[in-house]
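Here's a quick briefing to read alongside the model. Have the viewer open and follow along.

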Amino acid sequence: MEWNKALLIHHLHAGKANRENTLGLVTGVLAPAIHELVVVRTDEPGEGEKLCRKRGEEFDVVFILGGDGTVHECVNGLASLQNPPQIGVLPGGTCNDFARSLGISPDAETAAQEMLSGRVISVDIGRADDRVFTNFFGIGLISEASQNINENLKGALGKVSYFISTLQTITRSEPFQYELEIDGERTTGEAVMIYAANGRFLGTNALPFAPDALQDGKLDVLIIHETGIPLLREVLSHKPEGEWQPRNESISYFKASTLKIKTDVPMSADTDGELYMETPAELSVLAGHLHFLTGAEE
């Protein structure tokens, strides 16, 4: 595969400590296949989104070297374009869950080599109000866990810190009242977490969703009605052969094209690990909206 003009974005403070070394490795792999390669380092929050929105259409492909947060930021810029370029995600974060959902190697250099095959897939993008997300939108336990992340611990232990935070949160999470409108059908209840997924991984763990989750035009929605380690274990350990049906009655699972979420009080929402939204929120799917490079086999 060869491209005429490509942009490679990397964020100064995101992801792994050996960023400069990784940047050198991936550019070494990609540069021979690109006539003009523009490499830009972003320093401030929102800079990648602005860059992608302003200049994205100048390029045949935009490579994003970073974790789920960096991808989230850049995709919010690219998704708004009339003619968005192809996108290549080069894993450089802690969990790289969206890259895992795409079937990309967790090693950035290997991922760059895979992308030279030129395989491109059309991928759904989730929409939450006027923002988009690649991997998930969640409230309750998931956002509480994100707020409890110890950044020093995250740097030292990587993905382990996410599980420590989750386990600390799961013992004291308070239930909330919700009202949902699922593809026009209204339901109410009590939960400790609502998780609407576009991708198939959380904290590097595979979720029990179908392999075509990124291309089915729907969100996979989990409602955890009460807290407890066994519930977390079922979600993270089940590997279904067919459509997943939870065994525990404290877990509800369904697919939805549109989802309106209201809670008894405004709640902080986590989108791809970023905390800046809150309920109420209206979710939908932009089916096949963006085109991603991947080395995964058919």
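In what order do the 6 strands of the open sheet line up? The order is 14-13-10-7-16-17, and the pairing is antiparallel. Keep in mind that this is a predicted model, where local features need pLDDT of at least 70, side-chain atom pairs count only at pLDDT 80 or more, and totals for chains, interfaces and linings use all residues. Residues are numbered from 1 along each chain as its sequence is written, and side-chain values use heavy atoms, with hydrogens and water left out.

**The antiparallel sheet**

- A word on terms: helices (H or I, at least four residues) and strands (E, at least two) are DSSP runs numbered from the N terminus, and two strands pair if DSSP finds at least two bridges between them.
- Strand 14 (251–256) and strand 17 (274–278) sit at the edges with a single partner strand each, so one side of each has no neighbour in the sheet.
- On average, neighbouring strands here are turned by 20° against each other, direction ignored; the axes behind such angles are lines fitted to C-alpha atoms, for helices over the stretch in contact, and angles run from 0 to 180 degrees between N-to-C directions.
- Strand 13 (residues 219–224) pairs with strand 14 in the antiparallel sense, over 6 bridges.

**Salt bridges around K255**

- The count of salt bridges comes to 9, a salt bridge being a side-chain nitrogen of Lys or Arg within 4 Å of a carboxyl oxygen of Asp or Glu.
- K255 meets D220 in one of them, at 3.1 Å from N to O.
- That pair links distant parts of the chain, with K255 in strand 14 and D220 in strand 13, 35 residues apart.
- K255 also forms a salt bridge with D216, where the closest N and O atoms are 3.0 Å apart.
- D216 lies in the loop between strand 12 (205–206) and strand 13, and K255 in strand 14, so this pair ties together parts that are 39 residues apart in sequence.
- How covered are these residues? Buried means under 20% relative accessible area, exposed over 50%, and partly exposed in between (1.4 Å probe, protein chains only).
- D220 is buried, with a relative accessible area of 0%, while K255 is partly exposed at 28% and D216 is partly exposed at 22%.

**Other salt bridges**

- R131 and E49 join through their side chains in a salt bridge of 2.8 Å, N to O.
- R131 belongs to strand 6 (residues 131–133) and E49 to helix 2 (residues 47–55), so the pair ties together parts that are 82 residues apart in sequence.
- R131 is buried, at 18% relative accessibility, and E49 is buried too, at 11%.
- K5, R55 and E58 are linked in a network of salt bridges.

**Helices 2 and 3**

- The axes of helix 2 and helix 3 (residues 68–78) come within 7 Å and cross at roughly 30°.
- That makes the two helices roughly parallel, on a scale where angles under 35 degrees count as roughly parallel, over 145 as roughly antiparallel, 65 to 115 as roughly perpendicular and the rest as oblique.
- The crossing of helix 2 and helix 3 is right-handed; a crossing gets that label if the near helix is turned clockwise from the far one by less than a right angle, and is left-handed if anticlockwise.
- Among the buried residues of helix 3 are H72, E73 and N76.

**Cysteines**

- There are 0 disulfides, taking a disulfide as a pair of cysteine sulfur atoms within 2.5 Å.
- C52 is in no disulfide, and its nearest cysteine sulfur, that of C74, is 4.0 Å away.
- C52 is buried at 0% relative accessibility, and C74 is buried with a relative accessible area of 1%.

**A parallel strand pair**

- Strand 3 (residues 61–66) and strand 4 (residues 86–91) run parallel, joined by 6 bridges.
- Within that pair, F63 stands opposite G88 in strand 4.
- Strand 4 is mostly covered, with 5 of its 6 residues buried.
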